[in-house]
Amino acid sequence: MPAPPRRPARPQQPRPPVRPRKRGWAMRVATTLSVVVLAAAGIGHAVVTSLDDRIARVDPFKDMKNRPEAGNGMNVLLVGTDGRDRVSEEQRRAYRLGGAPCHCTDTMMIVHISEDRERASVVSLPRDSYAEAPAHTDRTTGKTRPAHPIKLNAAYAEGGPPLTVRTVEHMTKVKIDHYVEVDFTSFMRTVDVLGGVRICTAQPLKDSYTGLDLAAGSHDLDGGEALQYVRARHTDGSSDLGRMKRQQRFMAALMAQATSSGVLLNPIKFRDITRAVLGSVRADKEFGAGELIDLGRAMRNLTPASSEFTTVPIGRMGHVVEGLGSTLLWDTAKSRRLFRALRDDRPLAPYRTRGKRALVEVAPRQIRVQVENGTPVAGLGRTVDRQLAATGFRTTGTPVNAGRTDVRRTVVVHDPRWDRSARSLATALPGAELRKAPGQGPVLRVIAGADFRKVRKVRAEDPDQGEFGVVRGDEVTCP
């Protein structure tokens, strides 16, 4: 059944009709889009119409000229601001939210909803990206400033939502249709109302700055714990880029929770969610109840499998600019192709059929393996080698005999320096024994025993697939 006609995004440039039918903490942003939109898919007009009264309005498109040409689909700029001044003292202590708010953007994402409403593409924009701010009036001093270099997250501090939108459009050549801004408080409350969100990690995650402390495995996070997870920057050496990948995984998990639990079809729960989200949300004037209802109905079948996530390609880390410090330079050619795909309403990566795979720390393609047959069964070594290669491991392709034929339990022999690779390989060989061999080097040995049945399919936590490192939602949620 066709959805009700949409109102134009702006009177002077009506949008095409919709056909029925994805650094800081940052998931306040994800929460706003996926929860409110999905909620609108299952709740009636009267309930959703009341959202208008709860959303604070801003005018991010004021006096904007020479904007990029509109493409197909819808582009929403989701901005997370440092709203720690709105949290309680108890929350501030519990979740390590100390310090003064910077009144700048902590997270920024472009969410592209395809014209047929069957795909969501989410592109994270690092806050330390080197950017060129157009000429504008500084909202603090009131003085006119000429175009000048800044870090992307500083655009908000200098010129608020209008300069933020102008800077993003200038850098990406993607026309922004809607602007949504959220903070810490709505994020935590919404996760709690949803009953928590389940995430998986192949390795322990510990960050003394945020208080995050998770063992390897699956975890059901409440709002405060989820905030720690998506804010953490010091769990490894990847800093903000690693944090953005965790935010993308959380966004996929949030979508899976919202669509599979049925909570959004419960009017009482829906009421609680909207109250939690909208108390600290700001949006442009045209992003109202009518758009939410229409978009929600159109996106009814959106799932983690039809969402894709990536970060704008980085060409150079640690680009030092006088007065700015260390910045990130985008890869000019790759980022141009990425944003052209958004404008053309094309998927960022080809669709891949993929079954359930166990989560491992190291991608199979990074692990070198020599297979040995430790049994009297002729051809077992070749079988193990072929199955490991089919799963992505870099086998030698020339299995050998182990020199003994009485091995009952399959063994992974490894140099202790490659213990993460060994654990990942052992996950693909259920029941395998890990055996250290100092000095063996980077090639792992698999001695196939009588217990071997078949290789289990595995995947890395960060597949880094395709030109833009795109992952689908179902590839980063728990198996």
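Trainee: Which residue in β3 is the bridge partner of asparagine 75?

Mentor: This is a predicted model. Eight bridges join β2 to β3, and the two strands run antiparallel. Across that pairing, the partner of asparagine 75 in β3 is histidine 112.

Trainee: In which sense do β2 and β9 pair?

Mentor: Strand β2 covers residues 74–81 and β9 covers residues 178–182. Leucine 77 has tyrosine 179 as its bridge partner in β9. Valine 79 stands opposite glutamate 181 in β9. The two strands are joined by five bridges, and the sense is parallel.

Trainee: Are the residues of β2 buried or exposed?

Mentor: Side chains in a regular strand alternate between the two faces of the sheet. In β2, Met74, Val76, Leu78 and Gly80 point one way, while Asn75, Leu77, Val79 and Thr81 point the other way. Buried means under 20% relative accessible area. By that cut-off, eight of the eight residues of β2 are buried.

Trainee: Which strands stand at the edges of the sheet?

Mentor: The open sheet has eight strands, ordered β1-β14-β9-β2-β3-β4-β15-β26, with mixed pairing. An edge strand here has a single partner, so one side of it is left without a neighbour in the sheet. The strands at the edges are β1 (56–58) and β26 (471–472).

Trainee: What angle does the direction of helix α10 make with that of β4?

Mentor: Helix α10 spans residues 332–343 and packs on the sheet. The helix touches β3 (105–113), β4 (120–124) and β15 (307–311). Its direction and that of β4 make an angle of about 150°.

How values were computed
Residues are numbered from 1 along each chain as its sequence is written. This is a predicted model: local features need pLDDT of at least 70, side-chain atom pairs count only at pLDDT 80 or more; totals for chains, interfaces and linings use all residues. Side-chain values use heavy atoms; hydrogens and water are left out. Two strands pair if DSSP finds at least two bridges between them. Helices (H or I, at least four residues) and strands (E, at least two) are DSSP runs, numbered from the N terminus. Contact means heavy atoms within 4.5 Å. Axes are lines fitted to C-alpha atoms, for helices over the stretch in contact, and angles run from 0 to 180 degrees between N-to-C directions. Buried means under 20% relative accessible area, exposed over 50%, partly exposed in between (1.4 Å probe, protein chains only).
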